[in-house]
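Subject: A structure for you to look at

Hello,

Here is the structure I promised to pass on. Please open it alongside this note and have a look around before reading my comments.

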Amino acid sequence: MPELPEVEVLARHLRPLIRGKTIRGVNVRRAKVLAPTSLRKFRQALLGAKFTGLTRRGKYLLFQLHAKTGGEPVTLLGHLGMTGRFFLARKNVRPPRHAAVVLDLGGENLIYEDTRYFGRLTLDTSAVTRLGPEPLESVFEKSAFGRSLKQSRQAIKIKLLDQTLVAGIGNIYSSEALFRARIPPRLPARRLTVLQVARLWRAIRKVLAEAIEGGSTVPLNFDGSRSNGLFYFGQAAGTPDYYEERLRVYDRAGRPCPDCGGLIKRIRQAGRSTFYCPCCQSA
Ligand SMILES: [Zn+2]
């Protein structure tokens with residue numbers, strides 16, 4: 001599932017490709033992803049609108065546009081869910097079966113595809129107002145982070161998934177950050193020492209920044225099997241998995257810890273997998 005770094009890398013790649021493009025056609029194949037925006041309102045706002053920018057907040061994409069009439073700003077919120085993808089394809093290439101929304105940009109289509117139906121593309125931007133601070137910006141303060149942790153009885157791994165604490169961290173980077181900070185994942189958040197809070201705060205920023213850096217320096221997958229010009233975020237068959245190589249504990253149960261050589265362990269927390277090194281991350 002895409003987390004902050006993956007969404008950031010996608011936004012950076014997509015931004016220059018759509019900037020200045022006008023939406024000439026709006027083809028919604030699964031209106032559910034627009035909710036609570038109605039199909040009529042969605043079409044009305046986007047038809048003839050021009051893309052002016054693309055930013056990221058937490059795990060959300062925020063497409064900025066100028067409306068056709070009056071040029072008033074329109075914001076379109078995109079969320080990739082589990083398997084969502086945004087990509088550009090030449091107009092003569094048939095959109096994939098799970099394309100939920102196809103925006104006609106002239107010579108190309110901007111396609112939003114979601115095979116498992118957990119993503120969104122909507123004019124309702126209320127989800128971002130509930131988000132906590134951006135971890136890579138100065139608004140993410142160590143002292144405030146520590147105070148929030150002090151108020152929680154939850155295991156630190158589960159608390160890190162709380163998007164009101166800090167935005168954009170999911171199952172992968174919570175495990176990675178705790179490993180870097182040498183903190184046991186089951187430790188209650190409020191029991192972290194001042195030193196552990198400082199280490200975790202630094203580790204969060206480091207793992208996310210490194211992941212963005214890694215994703216930005218390798219080409220995203222251009223699926224050659226379909227057609228040139230298809231832009232993908234995600235794994236195309238036969239391409240090396242850059243992301244996985246960089247992860248130190250996530251999805252590496254039974255393999256040696258890169259620091260101590262002991263075996264990485266997998267446990268379940270709140271129904272999801274946590275990966276950690278029992279030796280490096282003991283209290
Ligand atoms: Zn270890």
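Predicted model: local features only at pLDDT ≥ 70, side-chain atom pairs only at ≥ 80, totals over all residues.

The protein has 283 residues, and buried ones make up 53% of them. Its secondary structure consists of 8 helices and 10 strands. If you take the contacts between residues at least 6 apart in sequence, 64% of them join residues at least 24 apart. The accessible surface is about 13400 Å², with 51% of that belonging to carbon and sulfur atoms.

Next, the interior. In soluble globular proteins, nonpolar side chains tend to be buried together. Here the largest nonpolar core has 33 residues, and Phe42 and Phe63 are the ones with the most contacts inside it. Helix H1 (residues 4–18) gives the most to this core, contributing 5 residues. Another core lies apart from it, made up of 29 residues that include Val9, Phe140, Leu178 and Ile204.

Just after H6, arginine 182 has a positive phi of about 55°.

Finally, the zinc ion. Which atoms coordinate it? They are the SG atoms of Cys257, Cys260, Cys277 and Cys280, at 2.2 to 2.4 Å. The angles among these 4 donor atoms run from 100 to 114°, and the site is tetrahedral. For reference, the ideal angle for four tetrahedral donors is 109.5 degrees. Along the chain, the donors of the zinc ion follow the spacing C-x2-C-x16-C-x2-C. Cysteine 260 sits in the loop between helix H8 (242–246) and strand E9 (265–269), while cysteine 277 is in the segment after strand E10 (272–276), so this pair ties together parts that are 17 residues apart in sequence. As for cover, cysteine 260 is partly exposed, at a relative accessible area of 36%, whereas cysteine 277 is buried, at 0%.

Happy browsing, and best wishes

Conventions
Residues numbered from 1 in each chain as written. Heavy atoms only, no water. Donors = N, O, S within 2.8 Å, 3.2 Å for Na, K, Ca; no water. Tetrahedral: all angles 85-135°; square planar, octahedral: opposite > 155°, others 65-115°. Helix = DSSP H or I, 4+ residues; strand = E, 2+ residues; numbered from the N terminus. Buried < 20%, exposed > 50% of the residue type's maximum accessible area, 1.4 Å probe, protein only. Contact = heavy atoms within 4.5 Å. Areas by Shrake-Rupley, 256 points an atom, 1.4 Å probe, with all protein chains shown as cover. Core = buried A, V, L, I, M, F, W, Y, C linked by side-chain atoms within 4.5 Å.
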